[in-house]
Amino acid sequence: MEKSKLTKEKAQRRQLIQEAFSTVERALALNDKNFACHKWYGILLDAKAEYDGTKARLLCAYKTKEHFLRAAELNQKDATTLYLLGIWCFTFADLPWYQRKIASAIFTTPPSSTYDEALKYFHRAEQTDPSFYSKNTLMLGKTYLRLGNKKMALLYLTKAREFPLNTEDDRDANKEAEELLKSMGIKF
């Protein structure tokens, strides 16, 4: 998965994700009690489906969450898994109307969640491993913003903007936090 982030070529990224997914499928078949296998299965299942569009991502949504929940059950101290569950919840709480329509056409009960549920997972991740990931800090800010709590949004978005820039994810989180702060009228 990480290798796929290093290439700009879409076909090569897709191939690398497919190879990683095949590897994690085999690993999961060998040991379904390993939390990392479940976590990476969920990550790669979603990444693979992303190339096939909204409908494909929706079709694998329940299975993705199921693997994240199993990973969290097997290792309650993995902040990344809790973050991923928060992302899953945020994504479905934030789903645009047209994607909700697609989901309703596919499922009797389409995947759904709330910002409050997402917030719970982001906070649990932060409590498990404080300041472990700039994007978790960013998502706390974005979730509070969606909930209309500007004071808490400002706190976490500022933290995300000030996070050390060690990785590409840190730079992305920094940039998005800065844009959101500017949209809130904060000047730098």
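Is Trp-88 buried or exposed? Trp-88 has a relative accessible area of 6% and is therefore buried, where buried means under 20% relative accessible area, exposed over 50% and partly exposed in between, with a 1.4 Å probe and protein chains only. The model is predicted, so that local features need pLDDT of at least 70 and side-chain atom pairs count only at pLDDT 80 or more, while totals for chains, interfaces and linings use all residues. Residues are numbered from 1 along each chain as its sequence is written, and side-chain values use heavy atoms, with hydrogens and water left out.

Next, select Tyr-144 and Tyr-156, whose ring centres are 5.9 Å apart with planes at 10°, so the pair is stacked; rings of Phe, Tyr and Trp (its six-membered ring) pair if their centres lie within 6.5 Å, and planes under 30 degrees apart count as stacked, over 60 as edge-to-face and the rest as tilted. Tyr-144 belongs to helix H9 (residues 134-146) and Tyr-156 to helix H10 (residues 150-162), twelve residues apart.

Finally, move to Phe-107, in the loop between helix H7 (97-106) and helix H8 (115-128). Leaving aside residues up to four places away in sequence, Phe-107 touches Leu-58, Leu-59 and Tyr-62, contact meaning heavy atoms within 4.5 Å.

Technical notes
Helix = DSSP H or I, 4+ residues; strand = E, 2+ residues; numbered from the N terminus.
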